[in-house]
Amino acid sequence: MELLQFIVGPVSTNCYFVINDNTKETIIVDPGDEADMLIDRITIKELKPVAVLLTHGHFDHVGAALELSKTYSVKIYVGKDEKETLEDPRINETAFFGRTPESFHADVFLEDEEVLKLAGFTIKVLFTPGHTPGGVCYFLEDENYLFSGDTLFYNSVGRTDFPKSSSEALIQGIKDKLLPLDDSVIVLPGHDARTTIGEERIHNPYL
């Protein structure tokens, strides 16, 4: 596996490319903005996108998803409880911050603990609501990577002062779904620096 990280958009969102070295098949995680730049990188590296995975429906994580989906004829995946977040500008935050209210969509709505087989990788879907009602994390056990979106950060957790957020649900989801993972699991968050489950188990003040 090759992993590429791009920082995109007005709030410095981490977008990830999960690449199969042998086939160049690529999973795009949280393409929040700058579709033209991402397409340019895909072209330069001769990648073959097969899916767009969204950890949640806030605008800064989904802004480029539709253009990438159309350009490469791939489906957009998200947790089953995130449809309202995508569609409602008050929840996806496009009704605020001086933006034009906008609705987003997904093609596939995922179940908790569902296992995806994409680009030669096995990906487990972990429901971690709280930051949004239907937020999920994606766990690649064989590669030891967890894409945590805005659920878990380096020594911090996602904000819960947005519409439909819940601090109680967020902390409970982290404890139930993420802390049982091995300490060595590398956490790739939606913003800022990577961390590990072990680091957060010991040093995260919210946990």
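What radius of gyration would a compact globule with 207 residues have, and what value does the protein have? For 207 residues, a compact globule would have a radius of gyration near 17 Å, and the protein, at 16 Å, agrees with this expectation. The model under discussion is a predicted one.

Several further values describe the protein as a whole. Along the principal axes, its C-alpha atoms fill a box of roughly 40 × 40 × 30 Å. Of the 207 residues, 53% are buried. The protein exposes about 9100 Å², and carbon and sulfur atoms supply 48% of that area. The contacts may also be considered in terms of the sequence. Among contacts with a separation of 6 or more, 58% are between residues 24 or more positions apart.

The secondary structure comes next. The protein contains six helices and 14 strands. As a general principle, the strands of a sheet pair through backbone hydrogen bonds, in either a parallel or an antiparallel sense. In this model, six strands form an open sheet in the order E1-E2-E3-E4-E5-E6, and their pairing is mixed. Strand E1 (2-8) and strand E6 (108-110) are the edge strands, each of which pairs on one side only. From one strand to the next, the twist averages 25 degrees.

Strand E2 (residues 13-19) pairs with strand E3 (residues 25-29) in the antiparallel sense, over four bridges. Phe17 has Ile28 in E3 as its bridge partner. A helix also accompanies the sheet: helix H1 (residues 35-44) lies across E1, E2, E3 and strand E4 (48-53). Helix H1 runs at about 155 degrees to E1.

A pair of aromatic rings is described by the distance of the centres and the angle of the planes. A search of the whole structure finds two aromatic pairs. One of them is formed by Tyr16 and Phe147, with 5.3 Å centre to centre and 65 degrees between the planes. This pair is edge-to-face, because the angle between its planes is over 60 degrees. Tyr16 lies in strand E2 and Phe147 in strand E10 (residues 145-149), so the pair ties together parts that are 131 residues apart in sequence.

Notes: Residues numbered from 1 in each chain as written. Predicted model: local features only at pLDDT ≥ 70, side-chain atom pairs only at ≥ 80, totals over all residues. Heavy atoms only, no water. Pairing = 2+ DSSP bridges. Helix = DSSP H or I, 4+ residues; strand = E, 2+ residues; numbered from the N terminus. Axes fitted to C-alpha atoms, helices over the stretch in contact; angles between N-to-C directions. Contact = heavy atoms within 4.5 Å. Rg over C-alpha atoms; globule rule 2.2 N^0.38 Å. Buried < 20%, exposed > 50% of the residue type's maximum accessible area, 1.4 Å probe, protein only. Areas by Shrake-Rupley, 256 points an atom, 1.4 Å probe, with all protein chains shown as cover. Phe/Tyr/Trp six-rings, centres within 6.5 Å; stacked < 30°, edge-to-face > 60°.
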